[in-house]
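These are my notebook entries on one protein chain. I set down what I looked up, in the order in which I looked.

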Amino acid sequence: MLAEQAYAELVLPKPSLGRSPDLAKGDPAQGGRAYTVVNLWTRYFSDPAGWVPTSKTVKLRGVFATVTATPSALLFDPGDGNAAVSCPGPGRPWRESDGFDPPGAGECGYQYRKVEAKPITGTESISWSVTWIGSAGAGGTFAGLTTSASSDFLVEQIQIVVKR
């Protein structure tokens with residue numbers, strides 16, 4: 001009973017909605033709306049500070065139960081009708097040294113294949129595995145939990161002009 005109460009009271013962080021291109025740097029031609037670019041890798045990530053086990057303990061008359069949720073995957077639903085992609089860790093922001101290469105170890109990414117006529121909604125979710133242990137040594141697992149956050153953005157095409 002204490003473990004169920006701790007499970008119900010557990011507060012988990014939502015993903016921080018990190019993405020490259022940066023959500024805060026919008027397209028001036030589109031009123032500053034956030035964007036990504038078709039056929040280039042969109043990196044997604046969450047703040048590593050929120051990627052830690054989180055526990056809740058409930059005590060009653062010298063007996064306790066502790067529930068611990070551990071992040072297990074960062075999911076990205078691209079919002080374009082394709083299936084969500086999964087990454088085993090929090091990912092990391094794009095670095096100039098990454099160039100246009102596909103995401104490597106420790107990175108999470110998705111590649112949009114077509115320009116979208118209107119803004120789409122991408123959703124990042126953290127999947128949490130949940131275990132519990134009681135003061136008498138009993139323990140077990142609960143159903144996993146998910147925390148999510150979403151943002152709207154455009155999927156645009158880059159036009160390159162070469163002068164000769």
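I began with the surface: the protein exposes about 9600 Å², and carbon and sulfur atoms supply 55% of it. Accessible areas come from the Shrake-Rupley method with a 1.4 Å probe.

I noted that the model is predicted, that local features need pLDDT of at least 70 and side-chain atom pairs pLDDT 80 or more, while totals for chains, interfaces and linings use all residues. Numbering runs from 1 along each chain as its sequence is written, and side-chain values use heavy atoms, with hydrogens and water left out.

Next I looked up burial: 39% of the 164 residues count as buried, meaning under 20% relative accessible area with a 1.4 Å probe, protein chains only.

I then listed the elements and found one helix and nine strands, taken as DSSP runs (helices H or I, at least four residues; strands E, at least two) numbered from the N terminus.

I turned to the nonpolar core, a set of buried Ala, Val, Leu, Ile, Met, Phe, Trp, Tyr and Cys residues joined through side-chain atoms within 4.5 Å. The largest one has 25 residues, and Y44, A69, L74, F76, Y112, F153 and V155 touch the most other members. Helix 1 (2-9), strand 5 (63-77), strand 8 (120-134) and strand 9 (139-156) each give two or more residues to this core. Strand 5 gives the most, five residues.

Last, I looked up A69, whose contacts (heavy atoms within 4.5 Å) include L10, V52 and W128, not counting residues up to four places away in sequence.

Key. Buried < 20%, exposed > 50% of the residue type's maximum accessible area, 1.4 Å probe, protein only.
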